[in-house]
Amino acid sequence: MKTIDAATVSTFSELLDLAEDETVLVTTPDGREFIVAEIDDFDHEIEAVRNNRELLDLLEERSKEKAKGGFSLAEEVKKRLGLG
């Protein structure tokens, strides 16, 4: 799975092209995240999601953060930069 900043994509078509070969995690300036993935065979996609440990870990982390009332963008930046 690759991660991109939404501001780096100029068209929706370009975003779909990026997701053609692998799942794309799109982050927005306000900290929201979206997953874009091609679905060509539903059974295959379900199996791929079940086997994608990185995606499952991300979804579990976000679920816990939502249960706590959200997450801090500043804390997320610090975490990703290894500052805290």
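Start by selecting Arg53 and Asp57: they sit 4 residues apart in helix 3 (residues 53-67), so about one helical turn separates them. Helices (H or I, at least four residues) and strands (E, at least two) are DSSP runs, numbered from the N terminus. Show the two side chains, and you will find them meeting in a salt bridge, 3.1 Å from N to O. The term salt bridge stands for a side-chain nitrogen of Lys or Arg within 4 Å of a carboxyl oxygen of Asp or Glu. Asp57 is partly exposed, at 38% relative accessibility; buried means under 20% relative accessible area, exposed over 50%, and partly exposed in between (1.4 Å probe, protein chains only).

Before moving on, a word about the model. It is predicted, so local features need pLDDT of at least 70 and side-chain atom pairs count only at pLDDT 80 or more, while totals for chains, interfaces and linings use all residues. Residues are numbered from 1 along each chain as its sequence is written, and side-chain values use heavy atoms, with hydrogens and water left out.

How many salt bridges does the structure hold? There are 3. For another of them, select Lys2 and Glu22, whose closest N and O atoms are 4.0 Å apart. Lys2 belongs to strand 1 (residues 2-5) and Glu22 to the loop between helix 1 (12-18) and strand 2, so this pair ties together parts that are 20 residues apart in sequence. Both ends are partly exposed: Glu22 has a relative accessible area of 36%, and Lys2 comes in at 26%.

Next, colour strand 2 (residues 24-27) and strand 3 (residues 33-36), which run antiparallel and are joined by 4 bridges. Two strands pair if DSSP finds at least two bridges between them. Click on Val24 and look across to strand 3, where Val36 is its bridge partner. The two strands form a hairpin with 5 residues between them, and Gly31 in the turn has a positive phi of about 95°. Now select Asp30 and Arg32, whose side chains meet in a salt bridge at 3.1 Å, N to O. Arg32 is partly exposed at 48% relative accessibility.

Finish at the largest pocket, with a volume of about 340 Å³. A pocket here is an open set of points on a 1 Å grid over the protein atoms alone, where a 1.4 Å probe fits, with protein on both sides within 12 Å along at least five of seven lines; lining residues have an atom within 4 Å of a point. Select Thr23, Ala37, Glu38, Glu45 and Ala48, which lie nearest the centre among the 18 lining residues. Helix 2 (residues 42-51) gives the largest share of the lining, 6 residues.

Methods
Grid points are joined across faces, edges and corners, and a volume is the space filled by probe spheres set on the points.
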